[in-house]
Amino acid sequence: READHRAWTPVSYTVTRQNATVQGLIEGKAYFFRIAAENLIGMGPFTETTKEIVIRDPITVPDRPEDLEVKAVTKNSVTLTWNPPKYNGGSDITMYVLESRLIGKDKFHKVTKEKMLDRKYTVEGLKEGDTYEYRVSACNIVGQGKPSFCTKPITCKDEIAPPTLDLDFRDKLIVRVGEAFSLTGRYSGKPAPKVTWLKDDIVVKEDDRIKIKTTPTTLCLGILKSVREDTGKYCVTVENSTGSRKGFCQVNVVDRPSPPVGPVIFDEVYKDHMVVSWKPPLDDGGSEITNYIIEKKDTHKDLWMPVTSATVKTTCKVPKLLEGREYQIRIYAENLYGISDPLISDEMKAKDRFRVPDAPEQPIIKDVTKDSAVVVWNKPYDGGKPITNYIVEKKETMATRWVRVTKDPIFPSTKFKVPDLLEGCEYEFRVSAENEIGVGDPSPPSKPIFARDPITKPSPPVNPEAVDKTKNSVDLSWQPPRHDGNGKIIGYLIEYQKVGDEEWKKANLTPDSCPETKYKVTGLTEGLTYKFRVKAVNAAGESDPAHVHDPVEVKDRLEPPELILDANMAREQHVKAGDTLRLSAVIKGVPFPKVTWKKEDHEVSPKADIEVTGVGSKLEIRNTVHEDGGIYSLTVENPAGSKTVSVKVVVLDKPGPPRNLKVSDVRSDSCYLTWMEPEDDGGSVITNYVVERKDVASAQWVAISSSSKKRSHMAKYLMEGTQYQFRVAAENQFGRGPYVETLKPIKAIDPLHPPGPPKNLHHVDVDKTEVSLVWNRPDRDGGAEITGYLVEYQEDGADEWTKFQTVPMLDCVVTGL
């Protein structure tokens, strides 16, 4: 019942235990309780609590504090913080107790002597290098609660942390001239870092405009009323003993550009326009020049007129000028941030500075032919502008109209070959020069010339010689002169002189009686010796004489044979199979020699065509084959003697078959082929060999090598037990020769060898007339199954072994001993 009520309220009628929980009570009220026992007979008397009980939670000591953390460590102090316990035990916390234990000791010692309610404490007076662990307990009215969990062991030493840097600015910053800007950020580090500001690698110093402010955690560089010189790469360095951090910012202080650089140059001046140029500003204001503004002003007026305001070039054409007026030009540079002050030119009058070139001097005419002439002149004054072309004109002397000789430009040469003249006509020529202003006056006309080839005396005839003679005549022959003097050769004059005389006699009186390059001089005296000479004649006269090299004795002659070999009779003549072989030579001799062709001292093949003329002989074989090669000889013979020449003819063909093809080292999957080079390489170097194989059961040959230069080949990848044939052919640049085949097939099996010796031979039993032997199989069977073991014995001291018998197994009993 409630203490201030008299009525009892039942709580439970079915409690059989010796305790009960009363629910539904009101906190803060006072209650009395009573309890009675009951059995089958009935309920006994009640027992009542002696005093009232006030309903409230029980008070206990607090729980352990939470989140004990080390906030700072130095060589002689440690700073700790913690949070209150989750439950204060039902009563307010009255104080905290902080304890420490030196690592290596067993007991914790109280750190705080005074009463402490703060949840942060710095333990001071510690010894550098010592290591402690800490715990904290909470106290309430009941008493001291459980201690918190211990910290990790903490060693007393100065705390080190590398610098950190957090910047508020980006890599690039653009600022207008006159504006302020600042570079700010935050930093940290232990020990406290040093902060340094650099601009273009030079330390920034404070002045009226530049302010640097640094706190333990923030940094700032501020610049008031920025100028162009503040442009640069700024760097802030935060550094302590553990390292450094850097931050960069490219600051560009921009402004309108400075004026263009003068003076203004007048590149071209004309009566109605000018071309001016200038140099870009020294300072573009930190931004690319986007435009130049050009204006002009007549010096008699105060008004500036626009020329253009849209050009980035440093040159400009100023149009629409009045001839004779003086003008000034002014030029502004412009960028994104404004227009510069102007650059103003000197005064310049609008008038033509330049004129057309002067007239050249009278031209000279050279190298006249029947249809052309070369005109040569000197360069005149160019009128102030470079000459770009010369104009050459012609006219017939009696005509009045001048005609250009070509429409193509003539420059820079000061001579020109005029084509297409009419033979026999008389011409004059003149020249004009041209520049970009125009065409100048023409030169005075040249002296007149006739279009015709100049005729001079011809050069002497070439190589006169006596080609035949009798007892009263000599036959002469020569070749035409190298130069006919631009006139037709009318004929030749032949003269002779008896050796010892001084007078030359004419064999013919007029040149037209000898128009050919040969002549028979007759009426000579047998036995005498004569000299001969020949002159060529054209309309301009006679050439110098050409003399026959040696004096000639007049008599019937007998000359031994002479052979003049053609190029195809060189020491060695190569011809491709199927082509035509031609051998030829010029033959001389009086009387004309007998001609004989032979090959290797035998008659030449009937397929050879042999032709003999009065001056030489030719042998020709069509569709040559390799057998046509050999030593060919040409013999010429007359009563005065004989002469023989020979030439080696090589008919280039495919090579012959390789020789002596052998197969060795046969295995189950390979064999080794060797051969010798062909007896005949076809006249050309063997470039490679082609190796092929064939399963005897197949009709198809398979190539296994086609590029080897060696005379051997390892044929791999054979199938064990299969029979193979092999063949080899040689190749040169003219093709592949015939194959040579193996004489008989080979079978791809490993070779057989005798087996190795049996192992571990020993006796297992001995009787007076017999011995029981056993042994193990040999290490190698030689490539075939072992069929038996031959057992021999030898009497001690004897030389000979006696065969006992061959047994199939690994044991034997030797009897009869």
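What volume does the second largest pocket have? In this predicted model, its volume is about 410 Å³, where a pocket is an open set of points on a 1 Å grid over the protein atoms alone, a 1.4 Å probe fits, and protein lies on both sides within 12 Å along at least five of seven lines. The volume itself is the space filled by probe spheres set on the points, which are joined across faces, edges and corners. Among the 15 lining residues (those with an atom within 4 Å of a point), Val467, Arg557, Glu559, Lys588 and Gly589 lie closest to the centre of this second largest pocket. Strand β49 contributes the most to this lining, with 5 residues; strands here are DSSP runs of E, at least two residues long, numbered from the N terminus.

The largest pocket has a volume of about 1100 Å³. Its lining is made up of 33 residues, and Pro10, Val11, Ser12, Arg34 and Ile35 are nearest its centre. Two elements, β2 (34-35) and β3 (47-48), each give two or more residues to this lining.

Turning to the cysteines, the whole structure holds 0 disulfides (pairs of cysteine sulfur atoms within 2.5 Å).

A note on conventions: residues are numbered from 1 along each chain as its sequence is written, and side-chain values use heavy atoms, leaving out hydrogens and water. Local features need pLDDT of at least 70 and side-chain atom pairs count only at pLDDT 80 or more, while totals for chains, interfaces and linings use all residues.

Technical notes:
Helices (H or I, at least four residues) and strands (E, at least two) are DSSP runs, numbered from the N terminus.
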